[in-house]
Amino acid sequence: MITSSMLSFFTNSCQSLKIKSVNRTILEKASGSVEILIPYIHPALYLHWITSCYSMCVVFYGGPDDREALALGDAHDLVTLPSTRLRRWVYMAEAQLVAGVELLTTPNNGSYAYRFGMKPKNVTAICIPQPHTNAGGLYLYRNPLRATTPLYLFQLAFASLLTSGCNFILKPFSQVTIVGQIMGGIIGGPSFIGRIDAFADMVFPISIIHLLETLSSFGIMFYLFLLGVKMDYGMIRSSGSKAWLIGFSTYLFPILLTVPVSLILKRYIKMDHELETSVQCLALLVSSTTFHSVACFLEDLKLLNSELGRLAMSSSMISGGLSYTTLIFAFSARQSQLNGDGFGVWLCIIMSGIAQIIFTRVAIKPILIWMIKQTPEGQPVKEFHHCIIFLLVLGSSLISEITGMHGFFGPMVLGLEVPEGSPLAFTLVDRLDFFFSFVMLPIYFIVCGGRTNLTRVTPHTCLVVELMSLLGFLSKFIGTILPCVFLCDMFLRDAITLSLILNSIGILDIHFYTSANQLKFIDNQCFSVLNTTAMFITGIVSHLVSTLYDPSTRYMAYKRRTIQHSSRKLKLRLLVCVHQEEQVPNIINLLEMSNPTRESPIAVYLLHLIELVGRATPLLVAHQPFKHFDHRPTPIINAFRMYERNNLSIVTLQPFTSIAPYATMHNDICTLALDKRASLIILPFHRQWNTDHTKDISKFRSVNLRVLDKAPCSVGIIIDRGAWRGTKSVLGSWSLFRVGVFFIGGADDREAVAYAMRMSEHPNVTVTLVRFLPLQMTINDHDPNERRMDNDMINEFKVSKVGSEKALYKEEMVVDSVCTCSGIRSMENSFDLILVGRRHEENSPMVYGLNDWMDYPELGFLGDILASEDFTGKVSTLVIQQHSWAAGEESSRHSEDSPSRQDSFLPQVSPNGLKGY
């Protein structure tokens, strides 16, 4: 037996030529085996030989030299290296092709015996070092990013920071979230930061790229499941003819235009093979519309429950459903064609998908309904039920992969079967949405950005893809605008805005691009251009939509909707907004004090405000008129219906429920006020006083601020400090209810006096008007016209209540704002309800300086005093803002009960009861 001798040569730049000649000589004349060692060791490792660990990889092509290398790997324990240990060796005959790694295609130089009976073929082999799970810490002088766990944590932080940073920078430019996410992924990819080799090797090494892609797929899988939970496919059945026309046209017109153009391009334009096979799939991808993209786009721009927002949601539900079905059929057919399978395989895939849909609806949905029934009202869903949902999501994804559908198909179908708006949907979205949206989803965009390499895109490919993208955008634009203008009689400006909204691109579109790239329907260059184009299109569209469309312009009234300007002989229309049950008694007492009579009845439009959670579609539901109590009663609605029943023929009630995000809830309030021609909107104050503490709900406050800014009529904010709780009410009390009005001057104070004059006609109500006057009047203290109108209102109150013991008038002379505060505090226990105006002249000596101490600007100077912590009285307060602008106020063409021009384009409110009520 000949003993192998091992010679190791360490090369450097100075001795390379001499050592090269020595190596050749030894290779030619050596009597044993020869090993040439070319080491690459990081300089830091020379100082720490004891803690070093190495891996060995044997690449086996075949032949005597490769067999000798394999024998060396088997006998490595006989080899001793100073102060080192050889930890692992790996034999790899075939491995998966990974982008970015230099690959060796093995020649067929081995004998048939060493091919283990397999047919001769070229294989590809790569060497990947086995990574550590944990780094061991900096004190062992190891790079933490060389271990899997800290590296993945760093990748999560890097992805979240990059996408969030891009969104933060783009937010002032009215950009939606998806634009910053795509931009962050592209910046982190090989087009920008990823071009730095040191950064790419350290943060995204090839050894764990499969783990990163797997975890990103896991994140997008659960994100699409939550997307299905939020969707309400029942909207398709309830959509009107306008939504069906627009949705079907938006789906069909782009396909009829882009697919023939793609065939023409293939025939008359010279392309490489990969682009030629991708162009037809490109036509379908750029023609598709997805419901979730439109919903997220509208939510980011706070247009979710606007008029165009509701129409866009209904239309995109129809066009998106048709587009999704078309892409599923096209992807499965293309996959069967590339694999060489026939029509039978494609049909089996489609039938398997249909069978999974039926199985989910017939077998899985009853389990979900059972979980909801097992959850007591007001209680969270059990943890065991969450575990079942988690397993169902994973199982549905596995079944989709086994049957040939994409792994994301099953979870999305499962999410659609979760009853929308149910406690189960609420809990799932509340617990999972943030984690998968802001932690796991950025990793998905980083992976997509890793596939986007703009430096390798050829001009020819870029031109073709951009041409198809532009054609898809224009075809969807035209396909939407034509039915809007010619069949739905919409204004051109609104039709253009709706067309832009339906051209928005979201994460579901990016997912379709990624799936097409993974299935080799489009190449990497096409994907890079599509991903980048999606970012630019959505960015431009979001800026144009925010510029063209402002929902508040619809809230213009042709007459001033105020109590002061309303006729006493007509019905008083009040829009009452309620968040919680605790607010109901206070508001019902206020309605009773409004003195409904047969000569001047009251129409109450009740709007129950509920935050949108667990669904993507906002709802404005009109409940049935009062006949019997609902079979699923809500305490809030039934309390007002009881009040209506006790005041038949003088009080009419029409209840509504608004389920919307708090950021856009004011749209429903203002739209309903305009539609019903209300004279006053009553809102509860966001601070609630209990027996032992106070509670602030900031979400309520944001709604009040937006309504005050956009309302088409007068607005009243009622502050409940507990005076009317318990058994005390206007009807049930033996004593008179004391109402006070603090009057300084201005339109809002005049509105408060007009409302108090109506209250004074109630037999159980007394009204005291307290007017604060400056001790020294100067010519600049008050506008002469305003002062004249103030005096006219005061005189009207005196004349109408002359001789009445239930209406009193007082004047308080004050020197400055300190005296005003003292006068108000001295009367804090003299009334059960105080009416004040919201806005006053800041330069008036009676309120000068109070602006610096205000905690609640939405209440004005006096309202802020009555709602402050220093105010110890239990009196309730109504802060009133008069509607101060109207278009065509002097016109006599529009009467109080005739619909205005804007009413014809209001969204159709669903006449059905809300699900779950």
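Which strands does helix H20 (residues 584-593) lie across? Select H20 to begin: the helix lies across E5 (572-578), E6 (602-611), E9 (680-684), E12 (714-719), E13 (737-743), E14, E16 (833-837) and E17 (876-881), and runs at about 170° to E5. Helices (H or I, at least four residues) and strands (E, at least two) are DSSP runs numbered from the N terminus. Angles, from 0 to 180 degrees, are taken between N-to-C directions of axes fitted to C-alpha atoms, for helices over the stretch in contact.

The model is predicted: local features need pLDDT of at least 70 and side-chain atom pairs pLDDT 80 or more, while totals for chains, interfaces and linings use all residues. Residues are numbered from 1 along each chain as its sequence is written, and side-chain values use heavy atoms, without hydrogens and water.

Next, display the open sheet of 11 strands, ordered E7-E8-E6-E5-E9-E12-E17-E16-E13-E14-E15 with mixed pairing; two strands pair if DSSP finds at least two bridges between them. Strands E7 (619-622) and E15 (807-814) stand at the edges with a single partner strand each, so one side of each has no neighbour in the sheet. The twist averages 20° from one strand to the next.

Move to E14 (residues 765-774), which pairs with E15 in the parallel sense over eight bridges. Here Arg771 stands opposite Glu811 in E15. Then select helix H25 (residues 784-800), which packs on the sheet and touches E13, E14 and E15 (contact: heavy atoms within 4.5 Å); its direction makes about 150° with that of E14.

Finally, select Ser287 in helix H9 (residues 273-287). A polar atom of its side chain lies 2.6 Å from the backbone oxygen of Ala283.

Note on methods: A polar contact is a pair of N or O atoms within 3.5 Å; within protein, one must be able to donate a hydrogen and the other to accept it, and residues adjacent in sequence count only if both atoms are side-chain atoms.
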